[in-house]
Amino acid sequence: MKVLWINNVAIPRIQNINGNKDRVVYGGWLSGLSDNLLKNKEINLCICYPKQNPQNVEQGKEGNFSFWGLSMKDKKYCFEFASILDSFEPDIIHFFGTEFSWSYELCKICKDKKMLDKTVISIQGLVSEIQKYYFAGMNFRDRNYFTLSELKSNITMRAILHDYKKRAVSEIEELKIVNNVIGRTTWDEACVKFINKEIRYFFCNETLRKEFYEGKWELNKCKKHTIYVSQAGKPLKGFHKLIDALKIVVESYPDVKVNVGGTNVINSSFLRGSGYGLYLKKLIRQNKLSDNINFLGDLTAEEVKQYLLSSNLFVSTSAIENSSNSLGEAMLLGVPCIASDVGGVTDMITHKQEGFVYPFDDSNLLAFYIIKVFADERIANNISLNGRIHAQKTHDENVNNEVLLKIYKRLQGRHKNEFEFE
């Protein structure tokens, strides 16, 4: 079976073949899925992705795996993609995500070549929904924070939202023309079926980065009153809401420490950096929380894992999520978790049994649950155990690989009656 993937990024396997020595790689969650597929020698997997430098030729092959970097700087990528379809002759065409307009352009090529019946899109985030929640409750005045570098590059918060709205239009059009999608939550199924009621929906959970399938959180080995947050780079991740909660938490636990993965956005000035970072810096300073918040910078998967294992708690404060991979990784390790009740999160956590969920804009309730986990070891251990059991089922790499293969065979016209996914 020839399978063509279209990804938003080059997965680590491609970066390794290309000799990329960067410390942090992206698209790691696709590695486990592709690794399992490639164990099946009947699968010939080719991956297309946007290359960073349009001048570079990024093509390669290793065993039953090949890749092709497409230049997204102009419409030349459409001709390149059409050529790949003609030469590779895929049995399955699998798009990962609808967030960028070029995905719609490539889908139209599949339609023109009458390949939509064997084309399927995996829903990641839905930009048509994300744009509704981008500012995550920030008031009108605070939305105007920006740096000169952002203004020069037209990447202020307001400019990014404008871009999201443009991409939302192409995303909706893409979902209107395709026949098949793969999703993993009640929320994403509802969203795509409201856009296209005729779409065929297949369910398949995600396989996460391999590092998080080993290791187990233990309360007596973690740093008490320590919280891990996966990122705070955009308003929609809601870190400003966590700051509101911390104002309350520090009254009971003045030693509380929040470790934040990803870019140190508060290392911003009027000249450079991030307008949202400037806003967070103001909030942290006003609430005297500088000693309680630590930005870690970009981390490898192994480094993230070690920070999680040493944390008392994982918190997700997003204004919108489908199913958060960061939340799934924390649960796989057994780290006690609290998450805002948005999108598909409630498919991941059973409230009060496997973790705690709360209304996104209720910082008081978030603070209440943080204090509850810190104060009660029995609760921390119970949600750790139950959350880990749930995540092991959700992210079982062997089961998810089998389900994906069955979907591919279903799209090929095999197993028509043997398996039911809708």
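Close-up 1. Aspartate 142 is buried, with a relative accessible area of 4%; buried means under 20%, exposed over 50% and partly exposed in between, using a 1.4 Å probe and protein chains only. Lysine 282, at 12% relative accessibility, also counts as buried. Their side chains meet in a salt bridge, 3.4 Å from N to O; the term stands for a side-chain nitrogen of Lys or Arg within 4 Å of a carboxyl oxygen of Asp or Glu. Because lysine 282 sits in helix α10 (residues 275–286) and aspartate 142 in the loop between α5 (127–130) and α6 (148–153), the pair ties together parts that are 140 residues apart in sequence. Helices (H or I, at least four residues) and strands (E, at least two) are DSSP runs, numbered from the N terminus.

Please keep in mind that this is a predicted model, where local features need pLDDT of at least 70, side-chain atom pairs count only at pLDDT 80 or more, and totals for chains, interfaces and linings use all residues. Residues are numbered from 1 along each chain as its sequence is written, and side-chain values use heavy atoms, with hydrogens and water left out.

**Close-up 2. Aspartate 86 and lysine 113.** Here the two side chains form a salt bridge of 3.0 Å, N to O. Aspartate 86 belongs to helix α3 (residues 76–88) and lysine 113 to the loop between α4 and β6 (119–122), so the contact links parts that are 27 residues apart in sequence. Aspartate 86 is partly exposed at 45% relative accessibility, and lysine 113 is partly exposed at 31%.

Close-up 3. Arginine 167 and aspartate 163 pair at 3.0 Å, N to O. They are 4 residues apart in helix α7, which means a separation of about one helical turn. Arginine 167 counts as buried at 13% relative accessibility, whereas aspartate 163 is partly exposed at 33%.

**Close-up 4. The largest cavity.** Look here for about 140 Å³ of space. On a 1 Å grid over the protein atoms alone, a cavity is a set of points where a 1.4 Å probe fits but cannot get out, a pocket is an open set with protein on both sides within 12 Å along at least five of seven lines, and lining residues have an atom within 4 Å of a point. Grid points are joined across faces, edges and corners, and a volume is the space filled by probe spheres set on the points. The lining has 13 residues, with Ser122, Ile182, Cys204, Asn205 and Glu206 nearest the centre.
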